[in-house]
Amino acid sequence: MIAGTATIEGHVTGDLVVILGTARLAPTAVVDGDVVTVGGNATVESGARVNGDLVLVAGQLTAPPEFRPGGEQVVLGPLPVTNGLRALVPWVTDGLLLGRPLVPSLPWMWALVAILFGIYLAIVLVFDRAVHACTETLAVRPLSAFAAGLLVLMLLLPVSLLLAVTVAGIAVIPLLYCAVFLAGLVGKVSVLCSLGARLLRPSDPDSRAQLARSFVLGFVVVTAVYMVPILGFVTWATLGALGLGASALAIAAALRRENPRPEPAAVPMPPPMPAAVPADAGAAVAAPAAPGQPVAPAGDASICPRATFLNRAGAFVLDLALVGLTYALLGIDDDTPGRFLLLLLAYRVVFWTWKGTTVGGIIAQTRVVRVDGTAVRFADALVRGLSSVFSFAVLGLGCLWMLRDQESQTWHDRIAGTYVVRVPRTWPLP
């Protein structure tokens, strides 16, 4: 039995094992095997019999002086952490298993709620400008904030592994996790403030006092929701991802303000129409460029027209077919799609770094460039490739995002800071 009380009043032919609970043997109890308790206590009443061993780990034994088990008796006293583990048992049974993070019947949980309230309120009062920035992001881009939060959580482990591989980056990993934790904390507070502001709209959004009032309202509502089974954990997970994403987008916006994007160079105008020449002059006149035909700028591909969804989808289908053919020719005997997806990801990252496009992109006349017009580096290509996995994983919403984006960027384009442009057929490869 786990996290419960086992009361034995009859005959047990096997062993009795209780973890984080209590074993009680009544006077009529007979256990043929062993009695083992881990992180709990055992009570043996007068007349009870244990024919095997009696083992208590991190617990206490209550038994009459004449009690003797049939085998050995081993009792390891309670450890300092044991009482804490036993205190968590009601939360596991009445909270975690029911899908709610807050169990109202546990006094220590209300003490924890009070501590969190004090920490959150201090963040509102001290870092009110950061909270304001996050609330503004939530008001304008709630869906992007939620997606960004999920993406940060998904990329946290791969980035940590990449840092660990470099050895020198191991020292950065604790700082990375601290930064994510603090960003999530500020974001969570901003979500509570946004919720409170929707319930009671403040007359002065920049007022610190009214921001604190919005926070208190949001905190009370969320605390009540946390006590509802299933809905409590769903709300907790959603608010966590939303807050982390809001902080990430607010930080990205602040970095863009400090490092503004350079103004793109003007697109060269097509040459003027030549003057009329008499037919008998015998002079050959070059035909002007056809109306609407894109003129290749001299160097900066970011000012080329953005590739359409059909352009990008066609290039991806061609790449998919090419990688699938290569996969079949290699004769990889694996029913799982993991190796194929890894090969596809490696192919795209290598070609983006090497040529700024893939084979399918060459055929579809598309190129991947950084937002400043420079060529894609390996780090950009790797981040873009990893984040594209997330764009596909959420039912392709990250890819479809370009249909409503002003710059025709997908989620992985925005994360990596890239554009996909359509170039003339004469555009040279790097």
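Guide: Two strands count as paired if DSSP finds at least two bridges between them. The model discussed here is predicted.

Visitor: What makes β1 and β4 a pair of strands?

Guide: Four bridges join β1 to β4, residues 22-25. The criterion asks for at least two bridges, so β1 and β4 count as paired, and the two strands run parallel. Within this part of the sheet, Ile8 stands opposite Leu25 in β4.

Visitor: In what order do the four strands of the open sheet stand?

Guide: The order is β1-β4-β7-β10, with parallel pairing. β1 (5-8) and β10 (61-62) are at the edges: each has a single partner strand, so one side of each has no neighbour in the sheet.

Visitor: How do you know which residues make the contact of α3 with α5?

Guide: Contact requires heavy atoms within 4.5 Å. The contact is made by Ala130, Val131, Cys134, Thr135 and Leu138 of α3, together with Val186, Val189, Ser190, Val191, Cys193 and Ser194 of α5. By class, eight of the residues are nonpolar, three are polar and none is charged.

Visitor: At what angle do α3 and α5 pack, and what is the handedness of the crossing?

Guide: Helix α3 (residues 128-140) packs against α5 at about 65°, and the axes are 8 Å apart. The crossing is right-handed.

Visitor: What makes a residue part of the lining of the largest pocket, and which residues are closest to its centre?

Guide: A lining residue has an atom within 4 Å of a pocket point. The largest pocket has a volume of about 1700 Å³. It is lined by 44 residues, the closest to its centre being Ala252, Arg414, Ile415, Ala416 and Gly417. The elements giving two or more residues to this lining are α4 (142-165), α5 (172-199), α7 (231-258), α11 (378-393) and α13 (411-416). The largest share, nine residues, comes from α4.

Visitor: Which residues lie nearest the centre of the second largest pocket, and which element gives the most to its lining?

Guide: The second largest pocket has a volume of about 820 Å³. Its lining holds 27 residues, and Leu116, Tyr120, Lys188, Tyr226 and Trp236 lie nearest the centre. α2 gives the most, seven residues. At least two residues each come from α2 (107-126), α5, α6 (208-226) and α7. By class, this lining has 23 nonpolar, three polar and one charged residues.

Notes:
Residues are numbered from 1 along each chain as its sequence is written. This is a predicted model: local features need pLDDT of at least 70, side-chain atom pairs count only at pLDDT 80 or more; totals for chains, interfaces and linings use all residues. Side-chain values use heavy atoms; hydrogens and water are left out. On a 1 Å grid over the protein atoms alone, a cavity is a set of points where a 1.4 Å probe fits but cannot get out, and a pocket is an open set with protein on both sides within 12 Å along at least five of seven lines; lining residues have an atom within 4 Å of a point. Grid points are joined across faces, edges and corners, and a volume is the space filled by probe spheres set on the points. Ala, Val, Leu, Ile, Met, Phe, Trp, Tyr, Cys and Pro count as nonpolar, Asp, Glu, Lys and Arg as charged, and the others, Gly among them, as polar. Axes are lines fitted to C-alpha atoms, for helices over the stretch in contact, and angles run from 0 to 180 degrees between N-to-C directions. A crossing is left-handed if the near helix is turned anticlockwise from the far one by less than a right angle, and right-handed if clockwise.
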